[in-house]
Amino acid sequence: NLFKTLRMMTKEGKTVLFITHKLFEVVSFADRITVLRNGKLIDTLAKSEEVDRELLAEMMVGRQMKKISVSNGNGRSKPKECGLKLENITVLGDRGVPALNELSLEIRCGEILGIAGVAGNGQKELCEVIAGLRPPTKGTIILHGEDISDLSCRQTAEKGVGYIPEDRMGTGLVGNLNMMDNSILRDFNSCDCNKRGFLNRDSIQKRTNGFVTNYDIKHAGLTKPVGFMSGGNLQKLLVAREIDGNPKLIIAAYPVHGVDVGASETIHELLLEERKRGAAILLISEDLEELFSLSDRVAGLYSGQITGYMDIGEVTDETFKEAGRLMLGIKKSENKSHSVSSVAAAL
């Protein structure tokens with residue numbers, strides 16, 4: 001509807017300046033495309049229908065983009081010991097009604113389990129109950145054989161759970177605090193950051209500089225509020241903090257939402273590196289291409305319940321249709337009775 005309105009405005013003779021980092025939007029809508037990088041004009045291209053997305057991405061980041069995929073030289077995971085196990089978890093949502101209904105799932109060490117579902121079907125509550133931010137009313141959470149169901153969020157983090165939340169500026173980071181303070185929100189009471197009850201600023205600065213160097217985080221200064229940083233750099237800071245210390249489990253909710261293609265590539269590579277190290281990873285996304293390229297298995301989530309699992313091999317049109325059915329709440333035994341059009345409606 002937005003694009004229809006903007007196109008109507010151009011037909012009336014008005015000029016529209018549309019700013020975005022989503023390639024499919026500019027390719028499908030714009031008449032001319034200007035690429036900016038680091039405050040400089042790189043080039044202006046006409047006739048968006050003829051523009052190659054890969055070329056645009058390279059112009060935006062200043063280098064050739066890699067095609068991130070588990071199957072592209074990274075290998076599928078082999079069955080290992082169970083990293084995370086949820087048994088009949090029931091959780092209440094913000095309105096006091098069950099958001100998860102006796103949900104059970106397992107993630108092996110060295111595996112990425114993707115969750116496919118339309119927003120509002122329990123994704124937020126699933127993340128928060130595992131991270132210790134929302135107590136379960138029923139069921140058990142097992143991390144590496146240990147029951148963590150009743151632990152607080154701090155205790156859960158100390159057990160080796162990293163959490164990359166959907167809301168990076170509400171749950172993940174504090175906008176009016178600087179980079180150094182945000183880098184220690186997860187473990188400010190640790191021995192490296194804490195010296196006889198006081199914050200060890202030298203250690204914190206060293207850690208933050210390490211994040212900046214290792215994750216290519218652009219900033220105006222370590223002591224400046226992070227609220228002035230771009231979304232991509234905020235996300236890289238958040239990811240760096242949560243995977244620092246080699247967590248056993250990583251919860252990644254929409255990890256590249258609202259970030260540019262360069263930051264997306266960096267974050268995807270980091271998740272694959274953590275998977276290779278042996279971490280169990282829960283990946284939540286509404287982007288099926290992202291789920292299929294990174295996940296070893298994909299589970300459907302509908303109305304607070306797992307509707308089925310898919311082992312990701314070669315991705316075909318049928319793969320997307322199957323995922324769409326699971327997102328609709330159609331279990332595998334019921335698949336044949338539903339049309340492709342009903343699946344497309346869900347996507």
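1. Accessible areas here come from the Shrake-Rupley method with a 1.4 Å probe, and for residues only the protein chains shown count as cover. On that basis the protein exposes about 18,200 Å², with carbon and sulfur atoms supplying 49% of it.

2. A friendly reminder before going further: this is a predicted model, where local features need pLDDT of at least 70, side-chain atom pairs count only at pLDDT 80 or more, and totals for chains, interfaces and linings use all residues. Residues are numbered from 1 along each chain as its sequence is written, and side-chain values use heavy atoms, leaving out hydrogens and water.

3. The protein has 13 helices and 14 strands, taken as DSSP runs numbered from the N terminus (helices H or I, at least four residues; strands E, at least two). Of its 347 residues, 46% are buried (under 20% relative accessible area, 1.4 Å probe, protein chains only).

4. Now to the open sheet: four antiparallel strands run in the order β4-β3-β6-β7, where pairing requires that DSSP finds at least two bridges between two strands. β4 (98-108) and β7 (146-147) are the edges, each with a single partner strand, so one side of each has no neighbour in the sheet. Inside, β3 (residues 82-92) and β6 (residues 138-143) pair over five bridges, and Glu87 stands opposite Thr140 in β6.

5. Helix α4 (residues 123-131) packs on this sheet and touches β3, β4 and β6, contact meaning heavy atoms within 4.5 Å. The direction of α4 makes about 115° with that of β3; axes are lines fitted to C-alpha atoms, for helices over the stretch in contact, and angles run from 0 to 180 degrees between N-to-C directions.

Terms used
Buried means under 20% relative accessible area, exposed over 50%, partly exposed in between (1.4 Å probe, protein chains only).
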